[in-house]
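I go through one model and write down what I checked, entry by entry.

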Amino acid sequence: MATLSQLTLNFNRQIKLSNNGGSLSSDTGEFLFREFDETIGFSKTLTQYLDLKDERLYYFHSNENLLRQKIYQIIAGYFEDDAADQLTNDPVFTQIIGT
């Protein structure tokens, strides 16, 4: 039986869940949503079928990542767009979005 200090995630094997301090976040439940996302293939489907008529010349993040970030943000209870600024340095959100 795995203990909490031995638990790793399938979508990113480098993440290990533990209760020893370190980089903290109150949104660790988001990891479960990302695991579910990977299990059902939501991210792959999103990348395959999302086609926005976007004419941006310069951008840092793909449309798929922006939509995924917004969905996870809403699931976590951050309903306002300006909450994304707060989450830029959050250790959980940077891992689940892959930024």
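Entry 1, a serine. I started with Ser43, which is found in helix 2; helices (H or I, at least four residues) and strands (E, at least two) are DSSP runs, numbered from the N terminus. The model is predicted, so I kept its limits in view: local features need pLDDT of at least 70, side-chain atom pairs count only at pLDDT 80 or more, and totals for chains, interfaces and linings use all residues. Residues are numbered from 1 along each chain as its sequence is written, and side-chain values use heavy atoms, with hydrogens and water left out.

Is Ser43 buried or exposed? Ser43 counts as buried, at 8% relative accessibility; buried means under 20% relative accessible area, exposed over 50%, and partly exposed in between (1.4 Å probe, protein chains only).

I then looked up the polar contacts of the Ser43 side chain. A polar contact is a pair of N or O atoms within 3.5 Å; within protein, one must be able to donate a hydrogen and the other to accept it, and residues adjacent in sequence count only if both atoms are side-chain atoms. The Ser43 side chain has one with the side chain of Asp37 at 2.7 Å, and another with the side chain of Arg68 at 2.9 Å. With neighbours within four places in sequence left aside, I list Asp37, Glu38 and Arg68 as in contact with Ser43 (contact: heavy atoms within 4.5 Å).

Arg68 is among the buried residues of helix 3, and I noted the others as Glu64, Asn65, Gln69, Tyr72 and Gln73. Seen down the helix axis, they fall within an arc of 165°, so they line one face of helix 3; the arc is that of the directions from the helix axis to the C-beta atoms. Their cover includes helix 1 (30–40), helix 2 (42–49), helix 4 (83–87) and helix 5.

Helix 3 runs over residues 63–75, 13 residues in number, and I read 18 Å from first C-alpha to last, close to the 18 Å expected (1.5 Å times one less than the number of residues). Gly77 follows helix 3, with a positive phi near 95°.

I looked up which residues form the largest nonpolar core and got nine: Leu9, Phe11, Phe31, Tyr72, Leu87, Val92, Phe93, Ile96 and Ile97. Helix 5 (residues 91–97) gives the most to this core, with four residues. Such a core is a set of buried Ala, Val, Leu, Ile, Met, Phe, Trp, Tyr and Cys residues joined through side-chain atoms within 4.5 Å.

Glu30 is found in helix 1 and is buried, with a relative accessible area of 3%. Beyond four places in sequence, I find Glu30 in contact with Tyr72, Ile75, Ala76, Val92, Phe93 and Ile96. Glu30 and Tyr72 are 42 residues apart along the chain, and their C-alpha atoms are separated by 7.1 Å.

How many aromatic pairs does a search of the whole structure find? I got one: Tyr78 and Phe93, edge-to-face, 6.1 Å centre to centre and 80° between the planes. Rings of Phe, Tyr and Trp (its six-membered ring) pair if their centres lie within 6.5 Å; planes under 30 degrees apart count as stacked, over 60 as edge-to-face and the rest as tilted. Tyr78 is partly exposed at 21% relative accessible area, whereas Phe93 counts as buried at 3%.
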